[in-house]
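Have a look at the model below before reading on. The notes after it are meant to be read with the structure open beside them.

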Amino acid sequence: MVGLRDCQSPRIRLDSLFRSSVVPPQAKCALLATTFAKSYVDTRIDCSPAAGSLILVELLSLLPRRPTPNKCNIVDGLTQCSSSSSTSLLNTDCSSSSSEFCEPPSKQRRTYIDKNFEKNQICSSERTEEIHQALAKMITINQIPLSFCSSSGFKQFMSIVEPNYIICKESAIKQRLKGLKLSAENLIKKRIKRCQKSSQYLKDKQEQLGMPTESLIQSCKTRWNSIYMMLDRIYKNRCPISNVLADCSLTTAAMAHKFEVSEHQWTNVETLIKLLKPFQIMTTVFCGEKYCSSSMVRPLLNAVIEKHLKHNISDNDIAEHFKTTGIRELSDRFKLLWTSSSDVTARQIASFLDPRFEDLEHETVDAREEIRSRVKHLINEMAEINCDVQIKIPVTKYHGALEFLFDDEVNCNIADSDIQYQNYLAEPQLKFDFDALEWWKTHTSKYPLIVALAMKYLRILATSVSSE
């Protein structure tokens with residue numbers, strides 16, 4: 001490699017330096033920069049103007065180029081390779097000559113982009129038909145008028161969702177609606193025909209097994225006890241249903257496999273039927289209108305929890321979860337747990353005035369005292385209202401001659417309110433199958449003040465919607 005000392009010898013011409021293939025580009029760049037800088041201070045080197053220009057051209061070709069070169073970048077590259085003593089000289093001459101060798105930046109061709117190009121495109125026929133069908137379904141499901149398609153709000157919405165969509169006319173939507181109607185009618189007819197055929201097959205299987213011909217029941221969210229009735233009907237017709245699914249002339253292998261019920265699933269259905277049956281009977285009792293139903297709400301709820309939702313060791317996971325959830329929901333919904341901040345409700349008063357539940361065995365001790373105090377207070381208020389009014393109750397049935405001759409009348413005033421209350425507490429509690437209204441009819445003359453209060457609360461229905 002040619003060294004710096006050899007480069008400074010006057011016998012080596014500078015024009016042969018950068019032509020040498022022995023010197024690598026990095027060393028050649030450093031040597032040329034140093035030689036060019038020292039040519040201004042050392043006159044012993046044969047550096048003609050032509051050689052200096054040739055050196056500068058070679059030096060510029062070796063330097064790395066940038067996308068947007070400027071004078072300062074070239075000068076900075078030269079000053080890094082030169083010595084500190086020749087920095088000022090290199091900057092003054094290179095600043096004027098570097099501009100001649102800087103390649104001008106290449107001009108980039110500008111492409112014109114039409115911003116309205118996408119907007120000018122028309123939506124494809126497939127996309128348009130898809131939007132038409134979706135719009136027709138939305139109008140059918142939500143019962144929207146046809147004028148919605150030509151409204152300004154819909155146009156603005158579609159301009160954002162699909163700018164290239166052309167708003168359809170009402171006639172086009174009507175055609176789609178007719179198509180939907182025909183497809184729905186065909187589907188319903190097909191379903192009905194299939195259901196009729198399946199129902200007939202089920203009835204035939206029931207007759208073959210000597211069972212009553214019954215159709216299956218579907219559950220409905222707005223119908224009471226529909227889940228229980230559906231499961232109970234399916235479980236009773238377990239054998240006919242299995243025979244229908246096994247009939248290859250009616251069901252395919254895939255359909256039979258899809259609707260096949262395993263033995264474990266039948267066991268779960270049987271468990272759910274046993275758990276739901278008390279609720280079905282209880283709701284049916286609550287919906288009665290010919291007897292006192294509000295007074296039985298709390299006693300029956302406590303009876304269901306204690307007798308039918310009590311946890312057993314033999315319960316599986318479904319039974320455990322159902323009982324735990326049922327107890328929690330019933331207690332929260334009807335506020336069965338008595339606290340110091342609880343208030344006496346109309347159901348509790350009705351239960352006390354019902355001779356079948358007057359002992360309040362389903363309530364706690366604290367709740368009993370509060371309920372009795374509340375009823376006594378109501379009786380006293382009624383007595384104060386009827387302070388100057390004497391309650392006359394004619395005796396229609398005479399038991400002797402004196403009663404007939406004197407035409408006896410039972411007179412009662414407010415002084416008898418405490419006596420009536422204490423006598424009612426001393427009455428024995430009736431069995432749950434007695435009629436409370438009939439009992440009060442026969443004891444009207446004995447408890448005239450309490451009868452008026454009992455009729456007020458016992459007339460309240462347990463529910464405003466009757467069970468189907």
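## Ground rules

This is a predicted model, so local features need pLDDT of at least 70 and side-chain atom pairs count only at pLDDT 80 or more, while totals for chains, interfaces and linings use all residues. Residues are numbered from 1 along each chain as its sequence is written, and side-chain values use heavy atoms, with hydrogens and water left out.

## The largest pocket

The largest pocket holds about 1200 Å³ of space. It is lined by 29 residues, and those closest to its centre are Cys195, Ser198, Leu216, Leu245 and Phe259. A pocket here is an open set of points on a 1 Å grid over the protein atoms alone, where a 1.4 Å probe fits, with protein on both sides within 12 Å along at least five of seven lines; lining residues have an atom within 4 Å of a point. Grid points are joined across faces, edges and corners, and the volume is the space filled by probe spheres set on the points.

Which helices each supply at least two residues of that lining? They are H9 (170-208), H10 (226-236), H11 (238-246) and H12 (253-258). H9 gives the most, with eight residues. Helices are DSSP runs (H or I, at least four residues), numbered from the N terminus. By class, the lining of the largest pocket has 16 nonpolar, seven polar and six charged residues. For that tally, Ala, Val, Leu, Ile, Met, Phe, Trp, Tyr, Cys and Pro count as nonpolar, Asp, Glu, Lys and Arg as charged, and the others, Gly among them, as polar.

## A nonpolar patch

Phe157, Ile160 and Val161 make a nonpolar surface patch of about 320 Å². Patch members have over 30% relative accessible area and no salt bridge, and nonpolar side chains (Val, Leu, Ile, Met, Phe, Trp, Tyr) are joined within 5 Å. The areas come from the Shrake-Rupley method with a 1.4 Å probe, and for residues only the protein chains shown count as cover.

Phe157 belongs to helix H8, which runs over residues 152-161. Its relative accessibility is 49%, so Phe157 counts as partly exposed. On this scale, buried means under 20% relative accessible area, exposed over 50%, and partly exposed in between (1.4 Å probe, protein chains only).

## Salt bridges

How many salt bridges does a search of the whole structure find? The search finds twelve, each being a side-chain nitrogen of Lys or Arg within 4 Å of a carboxyl oxygen of Asp or Glu. One joins Asp232 to Lys236, with the closest N and O atoms 3.2 Å apart. These two sit four residues apart in helix H10, so about one helical turn separates them. Asp232 is buried at 17% relative accessibility, whereas Lys236 is exposed at 51%.

Helix H20 (residues 436-442) has a pair of its own: Glu438 and Lys441 lie three residues apart there, about one turn of the helix, and their side chains meet in a salt bridge at 3.9 Å, N to O. Glu438 is partly exposed, at 42%, and Lys441 is exposed, at 60%. Asp354 and Arg356 form a salt bridge at 2.8 Å, N to O, and both of these residues are buried. There is also a network of salt bridges that links Arg127, Glu130 and Glu162.

## Positive phi without glycine

Gln143 has a phi near 55°, a positive value in a residue other than glycine. It lies in the loop between helix H7 (125-142) and H8, and is exposed at 70% relative accessibility.

Leu360 also has a positive phi, about 55°, although it is not a glycine. Its place is the loop between helix H16 (346-353) and helix H17 (365-385). Is Leu360 buried or exposed? With a relative accessible area of 0%, Leu360 is buried.

Ile419 and Tyr447 are 28 residues apart in sequence, with their C-alpha atoms 9.2 Å apart in space. Ile419 is in helix H19 (residues 417-426) and is partly exposed, at 48%.

For Lys456 and Ala350, the separation is 106 residues in sequence and 8.9 Å in space, C-alpha to C-alpha. Lys456 lies in helix H21 (residues 448-458) and is exposed, with a relative accessible area of 56%.

Definitions and conventions:
Patches are made of residues with over 30% relative accessible area and no salt bridge: like charges are joined within 9 Å, nonpolar side chains (Val, Leu, Ile, Met, Phe, Trp, Tyr) within 5 Å.
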